[in-house]
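Biologist: Could you walk me through this structure, starting with the overall layout and then looking at one part in detail?

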Amino acid sequence: QRKCFPRKAMAAAIVLVLGHGIYSSLSSFPQNIAYFNELVGGPEKGYLYMDSSNVDWGQDLFRIQQWEQAHQQPLDGIAYMVTICPRSLVGLTNKEPPKMFTGRGIIENPANSGATPGWYAVGVSRLLVPDGGLTYFLKIKPVDHAGYGTHIYHITLDDANLLRLEYGLPPLALDERR
């Protein structure tokens, strides 16, 4: 005689799985665009598996503005994948973080290129763009987030010089902060 899985146990398993799926999905509200399930690390790590339009629709620009106001810390640069002008939409800076390339192409003025100290908001979709000049941010731990789609970084002079050394750029002196 063949043993079957008990119906009550099967029903309980189905309810448990469905309940977890609903809870997991709703837990990212109101940032549902960036939702990924826990198997890939949730919305915090989902961009590592699928990026661009799956994460970044400009929804975090308002959160970046709120972050600046809450921390009373103006950002030195913002990098975002969408073509929305941050200044016209929410009054944020148009300036992008300095780019640093991995040896493809000639850097015309190394002293004005590469990592510099400051506060930066970088959309996760921009972190992974090959030869986009911002992949060096992946070597730094973000200090905060503005939603699931934007990391906030604080680069100190020491951080900047370590990164510049790694990329073959001259170090910055104390008075060359920006």
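This is a predicted model: local features need pLDDT of at least 70, side-chain atom pairs count only at pLDDT 80 or more; totals for chains, interfaces and linings use all residues.

Biologist: How many helices and strands does the protein chain have?

Modeller: The protein chain has five helices and four strands, and if you read along the sequence they follow the pattern α-α-β-α-β-α-β-β-α.

Biologist: And what share of the residues is buried?

Modeller: Of the 178 residues in the protein chain, 39% are buried. As for the surface, the chain exposes about 11,000 Å², and carbon and sulfur atoms supply 58% of that area.

Biologist: What about contacts between residues at least 6 apart in sequence, how many of them join residues at least 24 apart?

Modeller: Within the protein chain, 62% of those contacts join residues at least 24 apart.

Biologist: Let's switch to helix 5, then. Which of its residues are buried?

Modeller: Helix 5 covers residues 157–166, and its buried residues are L157, A160, N161, L163 and R164. These residues lie on the same side of helix 5, because they cover an arc of only 165° around the axis.

Biologist: What covers those buried residues?

Modeller: The cover over the buried residues of helix 5 includes strand 4, which is residues 150–155.

Biologist: And which exposed residues are on the face turned away from the buried side?

Modeller: That face of helix 5 carries D158, L162, L165 and E166, which are exposed.

Biologist: What is the phi of G168, after the helix?

Modeller: G168, which follows helix 5, has a positive phi, near 80°.

Definitions and conventions: Residues are numbered from 1 along each chain as its sequence is written. Side-chain values use heavy atoms; hydrogens and water are left out. Buried means under 20% relative accessible area, exposed over 50%, partly exposed in between (1.4 Å probe, protein chains only). Helices (H or I, at least four residues) and strands (E, at least two) are DSSP runs, numbered from the N terminus. The arc is that of the directions from the helix axis to the C-beta atoms. Contact means heavy atoms within 4.5 Å. Accessible areas come from the Shrake-Rupley method with a 1.4 Å probe; for residues, only the protein chains shown count as cover.
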